[in-house]
Amino acid sequence: MDYIYLSVMGSLIGTLAIVLVSIYLYVLYHARYMVIWAISWLVLLLRNAIFDLGVLPWKESILGLTVYLILTFVFVFMIVWSTYSFVNKPLNKWWLYGAVSIFIISTVLNFLPVSLLYKLLLSVYICCLAGIWVGLTFIRSPKIPKFGGLVIGYAYILWSFLNLSFPFIGSGSLFFPWGYVLGGTLRIIIAAGTLMLFLEKARKDLIKKEIQYRRLAENAIDVIYYCQLLPKIKIEYINPSVLAVTGYSPEDYYADNKLIFKLIHPDDHLLLDDFINNLPHSIEVPLTIRLVNKDKTTLWLEQKCVPIYDEKNRLVALEGSIRDITHRKKLEQMTALFDRMSMVGSMAATVAHEIRNPMTTVRGYLQFLGKKEKYQTDKEKFGLMIAELDRANSIIREYLALSHDKMVNLQKCSLNNIIEALFPLIQADANSAQVYASFDLSVIPELLLDENEIRQLLLNLVRNGLEAMPAGGKLIIRTALLESKVVLSISDQGSGIPPQVLEHLGTPFFTTKDTGTGLGLPICYQIAHRHNANIKIDTSEQGTTFLVYFSQPTP
């Protein structure tokens, strides 16, 4: 009958649709369960093609019936296995035990003189049971997208109930060919539902990934950005970390595409222009540049990026990250500073003794000759020569103070007592400079100090403060206990330290004074280093404060 043949062909087309959809989805997602799914429906397609189209006279053949049962049970087992894999659960072994048991019973029935209905009934029922279970799994599983899962689930259940009626419908009945048509239609619905399910799943996965990546980007310490270059330069995305670094929020950058260029340090504009003009080759090396943030603080930033090209191979965007390396730069500067001080100290240790010995001899002879009567008319000249030798000797002492290998005599003593003992000398210097000096000392624990070195540190910092102030200014020396640190601070009311000077502060031989040697602050840094202390500087137009942080001795 042609219409029966056509209806069976429709059923085969529905099954083939599921196989093709499964293969297509495997190519896209490389999911193992899609391979199992495709093989299971391919097995059913093979069974339908061989047996339902009447290619072989199988109904009266024990071998034919056995092959039919094998294909049916392989289909059942693999469709159940693929569903377990899809919901990411281990296969329940009772399915395997049940399928094998029913297969054995059905095979035994093949050898008995019973009707074809009884020989196939068990295999049909386990197939229908598997289909209903698969349908309920797709409907009820929370891991499966709802709409696609509902379409597949109900299609499986309807297809299973349709199969339940087949053994009781004769091939000559009117409903028989329409059953094949309806079965094929349900299989096409399963194929379409599978596509919808995976499209929905892919959309949700993309949204989830986007949320994850956005959360990573927005919680990153580094600034992450996406900058469009064509047709015009525009910041399309910048994460919230930019607020902590520059003082401006992402909305400020979206509103003003030129804001970042306005923040670049004036001395680094040429460096940025060179980077832009040499794109994309300039991105091979990280760009290190200075930026002036909202509170006028200068930061060092390191920028790394990757180029984004369009289909015409044009550079259309840059995507990258910006890291605040100000702390690293300061550490590099401190390391370079200590290296230079070590070099000066080594030179001082090598040369000082060779120079001081002949100078001592010359000074002694000048004193001796200066007392003779015939040189009394040149007494002032002798005094000047001796004073110059003393000045040269004091410079050598400053060099020796920079020596890294200098021994320190650390003893428990009171920093407050050192300040009080030295204050009359500090007050005399302040009176000479026509400024006012005072101290504000808190209760602090004793520290391990070399008293002579701390005196030198204190005098150097105080004299720097006195020289930085106009007449009438005020200098205050304070001590305080801050958490686990003892803090010594010397504050002046000068005009502050310019940024270009602050960068080089502490470098040996760097000075802004006409008669300075540039060794005062390097000596202070070296003394602090030998006492395991840190020096920090707080400066503004209202004055400068030098803070020395001492660690308390361990009990």
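**Charged pairs and the overall fold**

Modeller: Let's start with Arg323, which forms a salt bridge with Asp222, the closest N and O atoms being 2.8 Å apart. By salt bridge I mean a side-chain nitrogen of Lys or Arg within 4 Å of a carboxyl oxygen of Asp or Glu. This is a predicted model, so local features need pLDDT of at least 70 and side-chain atom pairs count only at pLDDT 80 or more, while totals for chains, interfaces and linings use all residues. Residues are numbered from 1 along each chain as its sequence is written, and side-chain values use heavy atoms, with hydrogens and water left out.

Colleague: How many residues apart in sequence are the parts that Arg323 and Asp222 tie together?

Modeller: Arg323 lies in strand β5 (residues 315–324), and Asp222 sits in the loop between α7 (175–218) and β1 (223–228). Helices (H or I, at least four residues) and strands (E, at least two) are DSSP runs, numbered from the N terminus. The pair therefore ties together parts whose separation in sequence is 101 residues.

Colleague: Is Asp222 buried or exposed?

Modeller: The classes go by relative accessible area: buried is under 20%, exposed is over 50%, and partly exposed is in between (1.4 Å probe, protein chains only). Asp222 has a relative accessibility of 18%, so the class is buried.

Colleague: Which residue pairs with Asp256 in a salt bridge?

Modeller: Asp256 is partly exposed at 24% relative accessibility. The closest N and O atoms of the pair are 2.8 Å apart, and the residue joined to Asp256 is Lys262.

Colleague: What separates Arg455 and Glu451 along helix α15?

Modeller: These two form a salt bridge with the closest N and O atoms 3.6 Å apart. Arg455 is partly exposed at 25%, and Glu451 is partly exposed at 38%. Both lie in helix α15 (residues 451–468), 4 residues apart, so the separation is about one helical turn.

Colleague: How far apart in space are Asn431 and Gly472, C-alpha to C-alpha?

Modeller: Asn431 is found in helix α14 (residues 415–432) and is exposed, with a relative accessible area of 54%. In sequence, Asn431 and Gly472 are 41 residues apart; in space, C-alpha to C-alpha, the distance is 10.0 Å.

Colleague: And how much of the chain do buried residues make up?

Modeller: The chain has 17 helices and 12 strands. Out of its 555 residues, the buried share is 42%.
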